[in-house]
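Please keep the sequence and the coordinates at hand while reading.

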Amino acid sequence: MLPKRSAIGRSTNQAKRRREERASEASEQRKTRQERDRVHTALARSLETSEQRQARQQRNRIHRTQTRRMIHTDLNLCGFNYNPLYNYSLHPSVIIGKMDKKCTYCGAQKFKNETPGAPGSTGKTFLISIILATIRSQNNIALAIASAGIATTLLDGGLLAHSAL
């Protein structure tokens, strides 16, 4: 397991300075800097041996893996240790954004990166209710278990997953 970083989310002075410099860059300056960086990287990579390239790619893979683990490590199981004083929306892994997209089917507000699913008024709850009623009419037991409270209120005899256990 990776050690916890006490400075996660904090910037170094150099990173802050670079961010400020880039924020004040004009469009032409930004293009020039990016082109200079692109040429520099292309030159450095063209001079690499195949062993050096493989070593660099392996270092990059390891770095990506470690970074992904670190980003999510401090949120692991945080739902069970909720702290109302902590603003979770400021965490770098929590990117929700604004509800500024409209559903093409029903016009409901959606998040930009919300996963597509069946839109409202397509009969999802109705279908589940019919399935539950059919099973129960055959004298079998059917439990409607959901992870969200709103889902349990829509289903006859619905229970929250953690309440059903």
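The accessible surface of the chain amounts to about 14,100 Å², and carbon and sulfur atoms account for 56% of that area. Of the 165 residues in the chain, 8% count as buried.

The mean pLDDT of the chain is 78, and 72% of the residues score at least 70. Among the elements, helix H2, covering residues 27–46, has the highest mean pLDDT, at 94, while helix H6, covering residues 161–164, has the lowest, at 64. Where pLDDT is low, the predicted coordinates should not be read in detail.

The secondary structure consists of six helices and four strands. Read from the N terminus, the elements follow the order α-α-α-β-β-α-β-α-β-α.

Attention may now turn to charged side chains. Side chains of opposite charge can pair when their charged atoms come close. The structure holds five salt bridges. One of them is formed by arginine 38 and glutamate 35, whose closest N and O atoms are 2.6 Å apart. Both residues belong to helix H2, and their separation of three residues is about one turn of the helix. Arginine 38 has a relative accessible area of 49% and is therefore classed as partly exposed; glutamate 35 is also partly exposed, because its relative accessibility is 37%.

Another salt bridge joins the side chains of glutamate 25 and arginine 30, with an N to O distance of 3.9 Å. How do the two partners stand in terms of burial, buried or partly exposed? Glutamate 25 has a relative accessible area of 17%, so it counts as buried, the limit for that class being under 20%. Arginine 30, at 32%, is partly exposed.

A further salt bridge connects glutamate 48 and arginine 56, whose side chains meet at 2.7 Å, N to O. Salt bridges that share partners also link Glu25, Arg30, Arg33 and Asp37 into one network. Returning to arginine 56, this residue lies in helix H3, which spans residues 50–73. The side chain of arginine 56 also makes a polar contact with the side chain of glutamate 48, at 2.7 Å. When neighbours within four places in sequence are left aside, arginine 56 is in contact with Arg45 and Glu48. Arginine 56 counts as buried because its relative accessibility is 15%, whereas glutamate 48 is partly exposed at 22%.

Which residues form a nonpolar patch on the surface? The patch is made up of Ile141, Leu143, Ile145 and Leu159, which together have about 420 Å² of accessible area. Leucine 143 is located in the loop between helix H4, residues 124–137, and strand S3, residues 144–146. With a relative accessibility of 56%, leucine 143 counts as exposed, since that class begins over 50%.

Terms used. Residues are numbered from 1 along each chain as its sequence is written. This is a predicted model: local features need pLDDT of at least 70, side-chain atom pairs count only at pLDDT 80 or more; totals for chains, interfaces and linings use all residues. Side-chain values use heavy atoms; hydrogens and water are left out. Helices (H or I, at least four residues) and strands (E, at least two) are DSSP runs, numbered from the N terminus. Buried means under 20% relative accessible area, exposed over 50%, partly exposed in between (1.4 Å probe, protein chains only). A polar contact is a pair of N or O atoms within 3.5 Å; within protein, one must be able to donate a hydrogen and the other to accept it, and residues adjacent in sequence count only if both atoms are side-chain atoms. Contact means heavy atoms within 4.5 Å. Patches are made of residues with over 30% relative accessible area and no salt bridge: like charges are joined within 9 Å, nonpolar side chains (Val, Leu, Ile, Met, Phe, Trp, Tyr) within 5 Å. Accessible areas come from the Shrake-Rupley method with a 1.4 Å probe; for residues, only the protein chains shown count as cover. A salt bridge is a side-chain nitrogen of Lys or Arg within 4 Å of a carboxyl oxygen of Asp or Glu. pLDDT is the predictor's confidence in each residue, from 0 to 100.
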